[in-house]
Amino acid sequence: MKKQTPDTPHAAHAAVVTGDESLAREWTALLEQHDIECIPARDARALKAASSRLTAAYELTVLPTDEKKERLRFIDAHLPAHLPIISSSVTVTALAQSQWIDARERLIGFCGFPTLLGSPLIDISLTPYTTDAVVHQARACFTAIEKETVCIQDRTGMITPGIIAQVINEALMAVQHNVASAASIDTAMKLAAGYPFGPIEWGEKIGFATIAALLDAMRAETGEERFRTSQLLRQLAASGKFWSENQLAPEAPVLVQEELPLGDAPDPLKPVVRPKKKKAAARATSK
Amino acid sequence: MALSIGIIGAGDMGVAIAHLAALNKCTVALYDINDEVIRRAIERIRTDLKKQVTDDGPFTRDDLQLALERIKKRTQLADLDTCDIIIEAAMEDLRVKRDLFKKLDTIAHYTTRLVSTTSSLSITAIASGTKKPERIAGMRFFQPVLSRGLIEIVRGMHTSDETIDAIEQAAGKLGRQTIVSRDTPGFVVSRIQSQYYGEALRLLQDEAASVETIDRLLTIQGGFTSGPFRMIDEAGIDTHFEESYALFERMFTDPRYRPSDIERQMSDGGVKGKKTKKGFYDNYA
């Protein structure tokens, strides 16, 4: 976010951006490229000062956490009443989010998801409460940053993220069943099927915990077995790494992960406690 | 010494492999039961080769003439006996392929490697009627064969390391990278692609978005080279439905691989994609 000083002229337009750190940073950079100033969401005074220049608020918390609820409620309480709240609706529908705030008619969902924000095409989803004026305003906001919008059904997973999640999960099932190595699968899907990234490489970019949480949400919404997650995805979501025989070296810490219950993916923002490799290796060598 | 490749079946896949192999200086024995089918196949290769001669392209007219001369017509299986590798690209029918490999096992020289291009059948099952299953493997090419840089080698239950090595070398001579996968339903690419297509078809069934919107989002936003519906239209909706159904059955009807009723309806109704000039899209000339 550009630092404003008393001498810095304000941009003509401003927007509120909040959410997961890396996504919010990416979106802020994109808005600033188009001369739209980004106001920190938690600063009520700054919000008030910029109110005449605000065009929208963007909420980019991917997982349906309490934090997302709090952020939406804060924005709803402090953003001028006529402005749209454009919120990532990949793991929780726009309709469900609209129930968390008072002015539900101004919430509109969009595909705010890792690795997809840079696209010139973006999908939005409406709730039964969304007004035409809000849709019009939201579309104008996307047009201002050179993004074309398409309207899709309001559903968990939206279009692209749900398909990517299924593909990543299937690739991990194939690794788990020893069909081929993770590296081979990534190579195959890029060269034979024209994927932009290998599925496992893509999972690393998005975050396996996010993929697991998205599939859990899709399964919870539809009740469909096809969204069940592979054990390997669970393991990666919890530990961030593949199981390896090396960790069974003498006295090395063995990572034992219990299968997580559905809908209980770990908080990706919490630091992951990793085994202390160096000490373990030193102990093993000294014997 | 040039690699000699026998190709069984002068359909779309056989023709594309013959074209690729001849262009990469392999000698090709193209087999089909019908002489007329092979003649037409070679004409098709000639036409396709001509399109590759451009002012700034890598091939001259002479290169292409030489490539054509490397392709020999064959209507007797026995004529393939001295090939280094025989690539079967016949119809996707286990009984047909099993019988064919049984014959090849008796005809082909003992050093010849026998491979199937099957996308949905088990290599182990195809090799089950032969006496030397260790020389049999899968070799999956992907359409469009000339531009896709990968060959998926499938290791059957009895495939030897020597056979895998030989096929990897052959793929290298065709200018292709390889991966080796285990003989499981759909291998790697079809298995993972089943989710790409399957989920898109379910979204369409639920009216989450239109064909065009789903394809546009996956290509522009997702960065995939081609949208699922355009790809199914290219492959043929009936063909894709049959492959999906075969995968579903081989996965013991696991709901993750359930085929789509949309495809069945379209296939039954004669709407089969590009080949019938009408499919998910109808802008085919």
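1. Start with strand β4 of chain A, residues 85-88, in this predicted model. Both of its faces are covered. Ile85(A) and Ser87(A) lie on one side, and they are buried. Ile86(A) and Ser88(A) lie on the other, and they are buried too. Buried here has a set meaning: 20 or more other C-beta atoms lie within 10 Å of the residue's own.

2. Now look at the strands that pair with β4(A). Strand β3 of chain A, residues 54-60, runs parallel to β4(A). The two are joined by 3 bridges. Find Tyr58(A) and look across: Ile86(A) of β4(A) stands opposite.

3. How does the chain get from β3(A) to β4(A)? The path goes through helix α3 of chain A, residues 66-78. This β-α-β crossover is right-handed.

4. Strand β5 of chain A, residues 107-110, also pairs with β4(A). The pairing is parallel and has 4 bridges. Within β5(A), Gly109(A) is the bridge partner of Ser87(A). Recall that Ser87(A) is one of the buried residues of β4(A).

5. Next, the contact between chains A and B. Chain A gives 38 residues, and chain B gives 39 residues. On the side of chain A, four stretches give two or more residues: β6 (121-125), β7 (148-152), α6 (160-176) and α7 (182-193). Which element gives the largest share? That is α6(A), with 9 residues.

6. What kinds of residue make up the side of chain A that touches chain B? They divide into 23 nonpolar, 10 polar and 5 charged.

Notes:
Residues numbered from 1 in each chain as written. Chains lettered and ligands numbered in written order. Predicted model: local features only at pLDDT ≥ 70, side-chain atom pairs only at ≥ 80, totals over all residues. Buried ≥ 20, exposed ≤ 12 C-beta atoms within 10 Å, placed from the backbone. Pairing = 2+ DSSP bridges. Right-handed = clockwise from strand over helix to strand, strands pointing away. Contact = placed C-beta atoms within 7 Å. Nonpolar A, V, L, I, M, F, W, Y, C, P; charged D, E, K, R; others polar.
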